[in-house]
Structure formats: structure tokens, C-alpha cells
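Good morning, and thank you for coming. Please look at the structure on the screen while I take you through it.

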Amino acid sequence: MTAPLSAKNKEKRIGLFVCHCGVNISSVVDVEKVAQVLKDYPGVTISTDYVYMCSDPGQQMIIDTIKEKHLDGIIIAACSPTLHEKTFQEAARLAGLNPYQIEIANIREGDSWVHTDKEKATKKAIKIVKSHVAKARQNENLDPIKVDVNRRALVIGGGVSGLQAAMDIADHGYEVLLVEKNPSIGGKMIQLSETFPTLDCSQCILTPKMVEVSRHPRIKLLTYHEVESVSGFVGNFKVRIKKKPRYVDEKLCNLCGECEKVCPQVVPDEFNQGLSFRKAIYMPFPQAIPGTFTLDAEHCLGLNPVRCGKCKDVCDKKAIDYDMKETIVEEEVGAIVVATGFDLYTMQALGEYGGEKYLDVVNGLEFERILSASGPTGGEVRRPSDGKVPKSIVFVQCSGSRDTEKHMPYCSKICCMYTAKHAMMYRHKVPDGQATVFYIDVRAGGKSFDEFYMRTVEEDKVLYIRGKVSKIFKEGDKLIVWGVDTLTGKKVEVEADMVVLAMAMVKADGVQDLLKKLKIATDIHGFLAEAHPKLRPVESLNAGFFLAGCAHGPKDIPETVAQASAAAAKVGDLFAQKELIHEPTVVPVNDELCSGCGICITMCPYSARTLDPDRGVVVVNEILCEGCGACAAACPSGAAQQRNQTDNQIFSMLRAMLRE
Amino acid sequence: MRVKLKAGRDKRKFIERIEELSGENVFACYQCGRCSAGCPMASEMDLLPNQIIRLVQMGLEEEVLRSKTLFLCASCFTCESRCPKGIDMARVMEAVRHILDPKGKDAFGPGEISPELAKELPQQVMVSIFRKFAK
Amino acid sequence: MKLHYYPGCTLKQKTTALDISTREAMRRLDIELVEPEGWTCCGAEYPLTEEKIVGLAAPIRTLRQVREEGGDVVVTTCSFCYSVLKRANKAIQDDPLKRKRVNAYLRDDIQIDPLTKERTTGFADYNGEVKVLHLLEYLRDTVGYPRIRERITRDFRGLPVAAYYGCRLLRPQKEMAFDEPDSPHIFEDFLEAVGCAAVDYPFKQECCGSYLSVSLPDAATEASYRVLRSAKMSGAKAITVTCPLCFYNLDHRQEVIKAAYLDFSGLPVLFFSQILAWALGVDKKLLGLGEHTVPADSVFSETPATEVRS
């Protein structure tokens, strides 16, 4: 279908409403003058101003005027259309006017907020408004495009945020696909020892959730799977998921562990942050879900009975299959929750702290494993180099955080609390040990957080030194920490047996390619960007995508869980719609003008345009078209014209603006 | 005695002058103290480098100008390389030395090197120290 | 081939060992070092305030002279000279106001034709055309460490040696761009290339006390002691430097250090150029070992002086 080009047969009756926005606009733009000047402009039937157009009386005035003056086009000269376009479209609808006859002339963000000279700003406002009048005269009535919703959700990431989101969506009554790239769900939280400020055992509180998710009738768990690509749009996504070969049939494996015993290949254990070893065929941790062994092909001697084959020989259940191949699963979903987690900043980046060189300088997650009862030392605090119990540990906060110069400029938010927990637990486990914490500020703003921190200081006698460590080096058996106490003005040196660096939280390394493929918006640090920092904190700018957990930025467990539940609720909102509304301001093709050159196809970021080989013209899937206009700008023949944003309209706007 | 914090032009003038000379934003400093923690000469100083910058932020000009620290800095730039906010403390030190009374005494002048020592010293040491500490 | 070389004042007066061994070593690599005509002292300290523009005049005049002589690279060995030349050059490249002011100041320099003795003025503006390199950078990037290895005729046979960077080579990193300030390795890689075993020790980038050596000798003694002790504790049989002031503090000061710190028993201090020259087969007499306070002969005699390759 092609839209008719401008209908100039009948002169429109246009109403102009100029908003003061309190003093946001009127202190810089002479709004009365704008309304006055435009009164006699061709096509304008009525022109007026008001203090708050978005207020109830403001909107009522617009509705009444439309009816009274039989207006068929409206200009609201106010703030950016991203804020109130919907409000005024709704007002038009109530007055019986097609909502796409509304034009927003932005004289706030584009004018009053960026200028100070009242005379010039007023002149600019007049030009902006005139250009919109020129456009409004050619606007067509449009009807929204309606689409069905697929009420199935995809959750990417099986950490605590993904688990919570999956469970909530499933409990709302919808089907969920939960994709996790590792052999087991559990994420980072399953690696933690105790959790602040209650000292609940992390595994004890997470494993029931993991079991619940795995048994939920509406959750399909896809571990050792990776999302390959996503196409489509909100309500109607097509997802390709790669199933990585486990080389062990999870239904047959009975966890006897004989394969692990005979495997000759020893590999650093990821679950213990490389502080211990596993075999090439392994179970990540005892409570792993699904409960099955996985053969890590990268470290296996070759998946070949001639080269080794010991595990296969010893498996009574015949669960091991070297011929398993990678396969692709295709699924359709209506919403996607991205819960891909975080990583810790590499210690290598901080050469002055020696984390790369010295085994006994560890990061926060490594220390979690050292504290954990399921860790490499069985929960006893022993240092990695020689297994001795450290009698002095120095904790260094803000390692790589709050550094605008070389590292991460932001606060990683959870380190103050987990460092307090580390120091406290160390003092509990090694009562004669000295714990020293170097900090810049202690940020303990959560519920019961400050009390916890104070307990660490007052009851466990942890020495907090206010100053950032400059350098850590080894002398003999000791690590020497050079710091300063800014409260007394003393340069200090601490001898330590072990140092724990609270490394900055950064974007997850392994998922950056995936995020690029999802075309999901991220911030400058690579964390997911929310649609609005205050009012839409769990939605992505990309419709149909929702955010949960540390993929969005550093946060602690309660905040992660809350955000995951909020994302799930938002998915519920989406699925509760009977049908979805798609903006009709798409770019159709005028068959008579299209030469089938295909330039627009290469320009389209949404794959909405394809060539019809029989007719030699481009056809458009209007549901996929987001109305970005890239094709219209590139089309050499003028066949691609965006609805209510045609070339003619743009030229009219330019003429109106450039004419004195 | 309580230190009275000044407001207004005098205080601003001092801070602005330091910022103009050094090219550094002294208010970027959040007092983590890392400059002092790594400073090889900090143990000799009456005020630590971070305290110098703090006093500049507070506009306490006299206290800064009479500190011995100004003449203990070896310009080794360890502070610069560690500062999480990218402030070059050596430049701030130099700026403070720059605004000292031009009629005042040299902190370290040519008269303080004996002819015997001068014979032994590398040239660069004398050029350096007079450039830093003499008028 | 010829290469512009800025020795700086100390190398011409007190620390000739560094100058001579550098020239001899480079000659063995078929490179003749030429000094820019009429060079002056660089000023030793890069001016750290925005208003001390005049401090840029001397180094820029020298760099301009290199350009006038058709050079596009100048190498130095002294860390102070390197720091001043490199930072001044960068300031001229990056800061249009400094460029304008320094050039305005230097434009009317008088130039005397060496043949006709004709005096002319009016130099073209200097815009940072010359590249300032430390000799180590030149050896690594232009000559190449593998090529040096090929030319080696004497073997240190894995003698453990500490590389001492000190302050000026590395910092400020944004301007010097010499190496990572907290995990440098260019110097160690050099030592390995000439057959030594580079010793890792935590004080390689700490300050030796620098010019405080004269105003606050005790502090410099302590600072230098800590560097030497750290190198020695890590198993070094010698410590290598590139800077005459580091050399002064670590070598000339060692008698005082030994008297003040009884746990320290001495460590030879060498210039990197002496190591290079000897490895390339330069006669020991040309290494300037007579300038050392701490006898350094042992470093060169512990290993067989027989040529391992012709």
C-alpha cells in the first residue's frame, strides 16, 4: 500500500498552542510574541499561549478549541516530543481528531534551554513553529498498525537475576526459556560465601531457588546454550540458540564420578576462581543444575578413543558420546530479559598492586572462595602461595573504581560492604589475625548496612585506614603495603601475609558480542542502558528488552532481585496486552517510482525491506519498520517516503524556516 | 585556635591563581591520599601532598606558603602517576612555589654548595635544584 | 649511518663514561652519533607552570637545530635531558599558544654561516617535527633487540642485573610514553637481549632522591639505600641506570650508605651503555670504569673476556 502524497486540495484549519512551561520557556522565549506573530501565518486559524499546556486545564483548552474551531491540525510549541507527544495525541483523540495530526514544535530543549538572548531565541522559536505549520498542512490521518503478542519470554543468564526473573514470569502464568552459557545455573552468587549484612550462606539461599526454577513446569532450562542471534521485534522475536555439546547425556549420567577419577587432564577450576583444579570432565560444583558431568572439549585430549577415551571406557551408563555436535535451536518469544551479569576488573591493570605477580594478592571473588565452606580450603582462611594461615590481611577498597584517570570512574557500590564482611569473617575465623582496611569513603547506604559496618569496626576491631594504597610489593615472605592515613596525616606501611583487592565491577567480558548482536543500547562503560534513568529503570530503549542485575550496573543481591522482579512485572505488562500497537509512521514504497536498486535494503538496520524478485521492487514489512528514515534519505528516486515525514514536507519546513 | 575560613574574592583569587599556573583543577581532588602514600619524601614533610592540596581547596594561603613540603618535592611524579583523578601534584607544588614572595630568601641557593662539592656534583643536579628552589 | 645525539651538559663534564661508552657501542652497530651544532643545556627541569614559557626556549632551540641539520630523530641517554626534550617537544606539538610564544621568542636567533660567517636571522617556526627518543627506545624500535643479539661478541652468561628506571623516564606517562609506569619492561628486555638476566625487584621505579641529594643528603641516602637494598635482595650482582644523577646517588653515595646502613655491603652501578658496549666487544678501557666509586670491574671480569663469536 502506498500513502498518497500531500493533499493540497483543501486548506487546513490549524491551531497553534504555545506553552510557557512555567518559566522554562517563557523566561528566554517571548511566548506571547510567538503566538501573536503566527496568528496571521497561512493556514493558522487560531494561535494562543498558556502557562502549562500539559496540565489538565491546558489539555482541556486544546480539546475545546479543536471542537469549537473545527481544527484539523494542531501545533504544540513546547518541550521535546519524547516527553509529551503521547499526552497531546491522546487529547486530540478525545477531541475527535486523528492523533497523527499533532505536531510538536520543540522550543524548550532546542531553544530556551540552550540560549540566553531573548530576542534571538524568540526569533528561533518563531522559525521552528513556522516550519511545523508548513509540515502540519500536509499531515495525513494515520491509523496505528496492530500486531499480535507471543506470550513467551526469553531470559538470558542464569545468575540470581535471571533465576528470579524467570521464576516470576513463569509464576505470572507465562512460558519462559532460560538460557545459560555455563554448564550450570547459579552465576556469581553461587560462588559467594556468606552474604552481607545477615551473613546468610549464599549457597544455602540460592540452591532452593535453582531447584525451584529447574522444576518449574513453565520454565525450559537451556544450560550450556548460547544465544546466537535475535531477529524480529517486540512481541514477535525469533531467537537462534546454540546448544554446545556437553558430550555427556544429562539424562543418562548418574553422577557416579568414575569418569572424573580416570580423566588425566587437570585444568584450573573456574568455580574456585582458579585456586584449585578440576578435570576436563567435571561437575562445576556439587549442587550444580542440571546434575550432570560436562566434558570440556577445549581441555580434553581430543574426544577420541585412540588418544585417550578413559572416561568413555569407565562409564557404565554409556552416557559419554564423543560424537555429539553443536546444534542450533530456534525459538519464538515476545519479550527478552537480559541478565548477563558482570566481571571483576583485571588485577593486571593495576601493576602497582602486584596482583599479577604475587599469588597472595587476590581479588574479592577469590577471597569469597577462600572463605567458603565449599571452597579450595574448606572454609579455612589459608593463603594461596603456601597454604599458611595469614596473620595479617590488608583489604584495599576502590581498586580500579572511582578512578577517572586510568580505570573506572564509577563507584562499584558493593565493595564497601563485602570488604566489611570479608574483614569480619576473617576475624571470626582467625581470631588472632590483624585485618586492616584501606578506604576512601565507606558507603553503607542500604538497609542494616551501616550497622553491619560499625559492628566490623567496633566488635571485630578491624582497623579502617582512610587513604588509598599507592603500592604493594613483596619483601621476603611479606607483602608490604604502602598507604597513608589521611586522618592523622601519617604515611603508613603495613606488613601483610595476604592482600585482598576489592576490584571494580565491570561489564561481563564474554557477552559483549551477544549484546552487539542484540543491538541493545549500552552506556559508555558497556553496562546496559535503561530507557529512562528515573522512570523506566528496568526497560531497555529497545522495545521488548528488559534489564536485570549487574549487566545494568553494579548492585548488590537484594537490589538485583528487586530489579529482576520488576523486569518480570514489566514483561507481564507486555503480555497482558491483547495486541501491540506499532507506530504507523513507517516508510512504504511507491511501486511506480521504485527501480529496485536495493540501496534502502542495505540502509535498513531492522531488516524490514526486501526485494520482490517478480516485480523488481522493494517491499516493506511495516511491523519491522521503526520509522528511522535511513532508507528515505538514501532512496535516489523518491520512492521511499516516510508517512507524515515526506520529502515534500521536509522541503516545506526548510522553506518556512529559511524565509525571513 | 579555630581556623577561620575565608570566603569571597581573596580566597578565590588564590585558588584561581594556583589553578591557572598549574593547569590543574584542585577541586577534582577527593582526598584519597594516594599521592602521599607513594611519595618518597613524605616522611620528611610537615604537610603531606594531599594536605597541601586540601589547604589550597580551603583557600588557606598562608599555611600553604609557609610549608616546608614545597622544598622537599623531588619532582619524581610518583604522585602524578598514581592520582586517580589525574591531578599532577608536582605542578600544584610548582605553582605554589611560583607565587612565593619574589623578594624572599632562596630556599636553597648557590651559596650553599661548597666548591669541593660543586666539583664532584653532576651539572644537572645544580641546574635542577636552583631552578626549583632558588628565585 | 648518522644519528643526531644530544649528550647534555653532565655527560660532557662529569659523567663522560656514559657518553664515551654510548658512542663506542653505537659505532659497533654502525651508527655514528652527531651532536647538533651549538646545542646548549636543556635546563634539566621541564617548566611545570603554565607561565614559565621561557624554560622551553633552550630545548626547542636545540630541537630546531636538529631539524635545520636535516634530522628527524634525536636520541639522548640522560633521563633528565630526555624528560625535558620530550616534554617540551610535546608541549610545542599540542599547545598552539606555547608554540606561538616560543617561536616568537626564538625567531630572531642569529645564525652564523660556518663558511661565510654571514649572520642571518629568521628561522622557520618549529612545530615539533623532530622525534625525541631515549637511546633504549631507539635500540628497541629502530635497531631492534634481535639485531643487537646478533651483533653480540661477549656473553654475560645470564649475569643477574637490576634495571633501574628511577623517575623521569617513566613519568608522566601521558607525555613520556616510554613504558607502563608500574610494570615497565623495556630496560629488562634490553638486558636480556645483551645476555644478562634481568632481576625483578619492587624499587625499580622509585626515586633515588634526585636533586635533594644536595639540599637533604640524608633523605637521598635513605632513598638510594632502599633502591640498592631491594635490587640486592632480589639477587642482582649489579644495577644499571641511564641517568648521571641516579648514578651519582647510587654510586658516589654508596660509601655514605654503607656507613649509615650496616646491612648493606655494596653493589656495582653501571650505565646501560657500558653493558651494551662491552657485549658488543668494546675495549674495557673505553668503558670509563675509572669514574666509578664502587669498583665495577668485577662485573666485566667475572665472565670470560674471550670472544664468544668473531
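In chain A, 70% of the contacts between residues at least 6 apart in sequence join residues at least 24 apart; two residues are in contact if their C-beta atoms, placed from the backbone, lie within 7 Å. This is a predicted model, in which local features need pLDDT of at least 70 and side-chain atom pairs count only at pLDDT 80 or more, while totals for chains, interfaces and linings use all residues. Residues are numbered from 1 along each chain as its sequence is written, and chains are lettered from A and ligands numbered from 1 in the order in which they are written.

Chain A has 17 helices and 34 strands, taken as DSSP runs numbered from the N terminus (helices H or I, at least four residues; strands E, at least two). Its C-alpha trace spans about 90 × 70 × 40 Å along the principal axes. Of its 660 residues, 48% count as buried, meaning that 20 or more other C-beta atoms lie within 10 Å of the residue's own C-beta, placed from the backbone; exposed means 12 or fewer, and partly exposed lies in between.

Consider helix α10 of chain A, residues 364-371: seven of its eight residues are buried, among them Phe367(A) and Ile370(A). The buried residues pack against β19, β20, α11 and β27 of chain A.

By contrast, Asp56(A), in helix α2, is exposed, because it has 8 other C-beta atoms within 10 Å.

Finally, the contact between the chains takes 17 residues from chain A and 18 residues from chain B. Strand β25 of chain A gives the most to the chain A side, with three residues.
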